[in-house]
Amino acid sequence: MTDIGIDNDAVVSVLNKVLEIELAGVVCYTHYALMIYGYNRIPIISWMRGQATESLTHANEAGELITHLGGHPSLGIGPLLETHRHDIGDILRESLEHEMQALTAYYDLLQLVKDRNVMLEDYARRLIAQEETHLGEVRKMLRKPGQ
């Protein structure tokens with residue numbers, strides 16, 4: 001299907017929200033990686049830095065779609081979730097909250113473009129799948145062995 005009447009302004013608005021959330025992810029995951037201490041530091045900071053890099057990729061993708069639609073990418077940044085508690089469990093719970101915000105925004109986008117624009121629908125579905133995977137990974141990291 002081709003574009004059969006998307007609300008361009010609404011789509012650009014949601015994409016700007018995505019852009020801001022993903023940019024917040026870059027900042028938060030970079031900060032989290034710096035705040036990890038203990039025996040498992042190396043693999044955890046590697047994962048956090050990977051998440052920061054992926055968030056930047058997602059932000060760039062959203063920005064490209066915004067300009068593709070004739071919009072102007074936001075200079076804003078989403079909420080920076082910081083409890084100032086740097087236990088790995090606290091950091092992972094903050095990460096979980098961030099991933100939920102992103103997932104909600106991608107679902108909002110999907111609702112606006114479903115059966116109306118294949119490119120945007122495929123984009124939304126791909127990012128939903130990635131965010132759901134991240135949520136599953138974080139939930140697994142928060143589980144105690146044997147649970």
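Tutor: Here is a walk through the aromatic pairs. Keep in mind that this is a predicted model. A pair of aromatic rings is described by two things, the distance of the centres and the angle of the planes. With that in hand, a search of the whole structure finds three aromatic pairs.

Let us begin with tyrosine 29 and tryptophan 47, whose rings lie 6.1 Å apart, centre to centre, with 85 degrees between the planes. That angle is over 60 degrees, so the pair counts as edge-to-face. Tyrosine 29 belongs to helix H1 (residues 8-34) and tryptophan 47 to helix H2, so this pair links distant parts of the chain, 18 residues apart. Tyrosine 29 is buried, because its relative accessible area is 1%, and the cut-off for buried is under 20%. There is also a cluster here: ring pairs link Tyr29, Tyr32 and Trp47.

Now look at tyrosine 106 and tyrosine 123. Their ring centres are 6.1 Å apart and their planes stand at 70 degrees, so this pair is edge-to-face. Tyrosine 106 lies in helix H3, while tyrosine 123 is in helix H4 (residues 118-142), so the pair ties together parts that are 17 residues apart in sequence. Are these two tyrosines buried or exposed? Tyrosine 106 is buried, with a relative accessible area of 1%, and tyrosine 123 counts as buried too, at 5% relative accessibility.

Notes:
Residues numbered from 1 in each chain as written. Predicted model: local features only at pLDDT ≥ 70, side-chain atom pairs only at ≥ 80, totals over all residues. Heavy atoms only, no water. Phe/Tyr/Trp six-rings, centres within 6.5 Å; stacked < 30°, edge-to-face > 60°. Helix = DSSP H or I, 4+ residues; strand = E, 2+ residues; numbered from the N terminus. Buried < 20%, exposed > 50% of the residue type's maximum accessible area, 1.4 Å probe, protein only.
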